[in-house]
Every structure is written in C-alpha cells, then in structure tokens.
Amino acid sequence: MIYGAEEEKSETARMSSFVGAIAIGDLVKSTLGPKGMDKILQSSSNNDTVQVTNDGATILKAIGVDNPAAKVLVDISKVQDDEVGDGTTSVVVLACELLKEAESLVGQKLHPQTIVSGWRKAVDEARRALTESALDNGNDPEKFQEDLMNIARTTLSSKILTQHKDYFSTLAVNAVLRLKGSGNLDAIQIIKKLGGNLRDSYLEEGFLLDKKIGVNQPKRVENAKILVANTPMDADKIKVFGSRVRVDAVSKVAELELAEKEKMKDKVEKILKHGCNVFINRQLIYNYPEQLFADAGVMAIEHADFEGVERLALVTGAEIVSTFDCPEKTKLGQCAVIEEVMIGEDKLLRFSGVKLGEACSIVLRGATQQILDEAERSLHDALCVLSQTVKETRTVFGGGCSEMLMAEAVSQLAARTPGKEAIAMEAFARALRMLPTIIADNAGYDSAELIAQMRAAHAQGKHTIGLDMVRGEVGDVAELGITESFQVKRQVLVSGAEAAEMIMRVDNIIKAAPRQRVPDDRCH
C-alpha cells in the first residue's frame, strides 16, 4: 500500500462505520415527530448566517462529516428529500436503529450476511403489510380532498407551521389542486416578505415578480405581450481588460459615445419590432434604452433574477431570447393584466390571467428571516408530499400506526422462520417499533407504556391504533385524521433498510494517501 494510506480491517472497520452512522442518527433523532425540537445551525463564513430548523435534510446538509458511513446516511436523507420531500428524519433514524440492532447481533456472533438476508425478507414482508393496509380514495374527489388535507396537516404538525396547520394545509392543498395532476411545482412560487405574522400569508392567483417598473413607464398593462430576454442593455463598453482608446480630439470621444447610442437605439428598435408591450430582461437596462422604451409606451423591467425569468417564461408561455433578428420566430408570453401591488412595505408586479392557468404564488409573512426560511422549507415539504399523493393516490395511517403494523407482520414472519435469520427479522421489527418510541419520548410522554398499549392493540387486530400526541395517549388514528402518503412511508422503509444493509456489509475502510507536496526546484 502507498505510504500514507490508511486501512481499517474487519471488526475495527465495522465498528467505525456503526459509530459514525449511529452518531448521525442520534443527532437528528430529537427532531422527530410533532413535538420534536429544533436545531440552530450557524455557518462559519463571514456573514454568520443562522438557521433554525428541525428538517433532517437541512441539518445534515449543514454539518461537515468525515466518517464514510455517516456520509451514506446524509446522502439517503438528501435522496428522500428530492424523491418525496418528507420523511428525511425518519429514514435516517430507521437506518440508525437498524445498525444499533446489527451491532448487538454481530456481538452475538451472527454473520453480517445472515443479518442482511433476514433483513431483506423482513423488508418484503413489511412492504406487503404496508401495501395491504393502504387506502385509495383517488376515485372519490371529496374523500380524496379530505385525505390531502389530513396529509398536509400531518406533515405540517412537526414543523414551525403547526400552530396554523389548518390554514396552511388549505393553502397547500388549493395550490396543488390548481396543478390539475401535473405535479409541476415550478408553477407554484413562494415569496417571503418580512413583517406581519405567519397568519398574514396568503395564496395569490397568477405570478408575482419582485421587481419595480422603470421610470415614466405604464404602471398597468392589459392584454400584455411579453418579451422575456437575457441580453446586455447597458452602453456597450469595450470589455477587454486593460485596453485603451486613443483619440486626437475631444470631439472624437463624443463621436464614440454617439455611435454607442446609435447601436443601442438600433437594438431597442429591433426589440420593438416584435410587437411586445412588455419587455423583461435578466440583465440591467440603462437610462437611455429605458427612456426609449418609455417613449414607445412599453413597460420595461430590468434585472429579474434568473429563477424568476425561468418561471415567468414557463407560466406566460414565452421563450427566453438573447438575439432579436428574427421576430417571426420569437415566442411572446401572454397575460391578461400586469399591475403593481403592495405587500407590506414593498411593491411587486402581479401577472394575472397567465397562459399556464395553474400558476400561483404563495406569499409568506413572518417576524424574522429565520421564521420565514423555516416556514418556506415546511411548506415546500407539504407541497412535495401532496404533489406525490396526487400521482400515487394511496394513503396509510400515521402516528406510528404503520410502523407498528409492519413490525407486527415481521414478528409473525420471524416466528414462522427457522434458523438464525429469524433473529435478524426480530431485530428489524424492534427497529421499526423504535420510531413511535422516539416520537413519544420527544414529547416527554411515557413511551414504554404507550408502545406496550399499541402493541397489544395491534396483536388483537386493531390496526388503526396509533399515538395521539395532543393528549399523550393511544387513539384511533383513522378518527383523528392522522394520514400519511403511502409513497413517503414506502420510501422510508426501503431507503433506510438499503442504507443500513450497505453499511452492514463493510469489512474494510481504505483511505487514500494525502497528495504529496513536491518541492519547487525552479530558479527564482
């Protein structure tokens, strides 16, 4: 092996992996459930930004991790966030609990391959039980809307928006139902404005752009034909670094400036030939072209941020252009009315009656930037879960009910299975039961009592019994309306088990040697 490389073998490597992964799980465990706690994340950069969050993916993204097994858990949390939007903490905690059980089994001299084999059978059985318990109200619009409301409430109950979860659930469901099943979340824009409180947030039909209209230009345009561009509209400077222009008279400088003005005037005339009455540019628009647009009665908006321009092009049906020689090939955006509106202290532009009818904007208000950022993350999670549920309409019960149901099915399979694999299956069931245990512990309730009651109820065939975290007792989650997306639960089960299995199979960690510094022998 190359000098400087490091190697950890067999038991040492496995213990190193377990310790790193379990530390990550213990870090985010306290944020799980409706009574979970928040973490403050402080960056080490100069601006010292502070985030207050209980979102598993956000916490894990912010921490620096050296342990390779811990990095695997950070990655599955990110994948869970990208794939379904919620369950980022649950998937890490499940993998962590599986590894804690595996650590004990390895200590009992069970071979890792035997444990993995038992886990795979347990995952298949748990998935079968979860699929059988799933309900599908996709063909009944009224019941399905009620399901969506319950899922939104359940998702938001563990977030900062829990105090206003009915209000924000209605906002999120209305926004997702406007998408008419397309699931294109780009059509939903979230705008954060400091001031007021969370209850002042609202859903605005159409599109909002956080920009102001240029000087002396129309403040309201009806039947707008919008040209969206990404082109320099400043005076064309000589952009070669260190270049000089030598002239033999001051009059020549004036001629240069005039030539630049004429060039800009030609460009504006080319833009006006497109027949647009609104021009929105990604880059700056200087005073002279702005004045030309005002003279022509065209509304010009400058420096629209790139994401804003992309979304605007999507919702108005326009194409972003950077050259203006072929007006007949350029696709203009359309919109019924563009006008200025006031939100708090700021003026924004509202685009009503856009071509993409499902487009809408959610305006979030809040007392501090941290509250606004966390509210946006919470609402984004809810929107992601709802858009997934619109595509995959099956739902399952929450409140630890589904985990207990899967654990019961795996335990029954373990009882019927001969050999050592049964021990691994029983360990898998214990890991599943740990999720409701942690939810109860985080709320300060007696988890041992509650989990024992839930286990007894499920053994008697009462498969809708789960945790009621408001009263601190077990209850019928079907009556309480604690519903979760089937897609989210299935992804948590599969991803958590796969990550734990991957770490379980490791028996060697090899770290590459650091890059050797070569002495600089050049003459100075």
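## Close-up views of a predicted model

View 1. Lying across implies contact, meaning heavy atoms within 4.5 Å. Axes are lines fitted to C-alpha atoms, for helices over the stretch in contact, and angles run from 0 to 180 degrees between N-to-C directions. Helices (H or I, at least four residues) and strands (E, at least two) are DSSP runs, numbered from the N terminus. The model is predicted: local features need pLDDT of at least 70, side-chain atom pairs count only at pLDDT 80 or more, and totals for chains, interfaces and linings use all residues. Residues are numbered from 1 along each chain as its sequence is written, and side-chain values use heavy atoms, with hydrogens and water left out.

View 2. Strand 6 and strand 14 (residues 360–366) run antiparallel and are joined by 4 bridges. Leu-203 stands opposite Ile-362 in strand 14.

**View 3. The crossing of helix 7 and helix 11.** The axes of helix 7 (residues 165–177) and helix 11 (residues 369–391) come within 10 Å and cross at roughly 45°. The two helices are therefore oblique to each other (under 35 degrees is roughly parallel, over 145 roughly antiparallel, 65 to 115 roughly perpendicular, and the rest oblique). On the helix 7 side, Phe-168, Ala-172, Val-173, Ala-175 and Val-176 meet Leu-379, Leu-383, Leu-386, Ser-387 and Val-390 of helix 11. By class, this contact has 9 nonpolar, 1 polar and no charged residues (Ala, Val, Leu, Ile, Met, Phe, Trp, Tyr, Cys and Pro count as nonpolar, Asp, Glu, Lys and Arg as charged, and the others, Gly among them, as polar).

View 4. Lys-109 sits in the loop between helix 4 (88–107) and helix 5 (112–133), and its phi is near 70°, a positive value in a residue other than glycine. Lys-109 counts as exposed because its relative accessibility is 70% (buried is under 20% relative accessible area, exposed over 50%, partly exposed in between; 1.4 Å probe, protein chains only). Asn-223, in strand 8 (residues 220–229), has a positive phi of about 45° although it is not a glycine. With a relative accessible area of 59%, Asn-223 is exposed.

Terms used
Pairing = 2+ DSSP bridges.
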